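Please read it alongside the sequence and the model.

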Amino acid sequence: MLKALNEQITKELFSAYFYLGIAAYFKRIGFEGFATWMEAQAEEEFGHAIRIYDYVFERGGAVELEKIERPKQEFESPLKAFEAVYLHEVGVTESIYKLVDIAEEEKDRATYQFLQWFVEEQVEEEATTKAIVDKLRIIGDNPHGLFMLDRELGARAPKFRSMLLQPTG
């Protein structure tokens, strides 16, 4: 179980890196709202990693951080980027389900209960990203639709950056 939780920490940290890579793509092509949404998502994924990190220590385990691979930063279109996001979230869901299976096999009830938050979170993650993909498919190449969705998604701002930029003292 400990080995699998450590692997999941790395996967969650990669997810944060993955979202930052896509944010960089959107910034480069002028979609600040999409970039902001991705940055907020990166923060959320980092939070997931920290949640597991803390849990491992609470249970008396040791955290072993692994190398994180370089994420993709080029896409053919906003739709292709969000399709990659949706598929990524489906993969994360599968990974969480494997953790649940291990917890069940090992009769690790505490970890099983801990993981239920992630199971629920992944339902939300998949639904949210699928809804964005669906909207982008409807919009197609329509610049007005793309800019409207960009503005809508930009309303979800990352919190960590604003905390870092606050004046101290």
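Is Glu 32 buried, partly exposed or exposed? In this predicted model, Glu 32 counts as partly exposed, since its relative accessibility is 41%. Its side chain meets that of Lys 27 in a salt bridge, with 3.3 Å from N to O, and Lys 27 is likewise partly exposed, at a relative accessible area of 35%. Lys 27 and Glu 32 also belong to a network of salt bridges that includes Glu 39.

The structure holds 10 salt bridges, among them the three pairs tabulated here.

| Salt bridge | N to O distance |
|---|---|
| Lys 27 and Glu 32 | 3.3 Å |
| Arg 59 and Asp 108 | 3.9 Å |
| Lys 80 and Glu 83 | 3.7 Å |

The side chains of Arg 59 and Asp 108 meet in a salt bridge. Arg 59 lies in the loop between H2 and helix H3 (78-105), whereas Asp 108 lies in the loop between H3 and helix H4 (109-139), so the pair ties together parts that are 49 residues apart in sequence. Arg 59 is exposed, with a relative accessible area of 51%, while Asp 108 counts as buried at 15% relative accessibility.

Lys 80 and Glu 83, by contrast, are both in helix H3, where being 3 residues apart separates them by about one helical turn. Of this pair, Lys 80 is partly exposed at 38% and Glu 83 is buried at 18%.

Turning to nonpolar side chains, Phe 46, Ile 50, Tyr 53 and Phe 57 make a surface patch of about 360 Å². Ile 50 lies in helix H2 (residues 32-58) and, at 33% relative accessibility, counts as partly exposed.

Note on methods
Residues numbered from 1 in each chain as written. Predicted model: local features only at pLDDT ≥ 70, side-chain atom pairs only at ≥ 80, totals over all residues. Heavy atoms only, no water. Patch = residues over 30% accessible without salt bridge, like charges linked within 9 Å, V, L, I, M, F, W, Y side chains within 5 Å. Areas by Shrake-Rupley, 256 points an atom, 1.4 Å probe, with all protein chains shown as cover. Salt bridge = Lys/Arg side-chain N within 4 Å of Asp/Glu carboxyl O. Helix = DSSP H or I, 4+ residues; strand = E, 2+ residues; numbered from the N terminus. Buried < 20%, exposed > 50% of the residue type's maximum accessible area, 1.4 Å probe, protein only.
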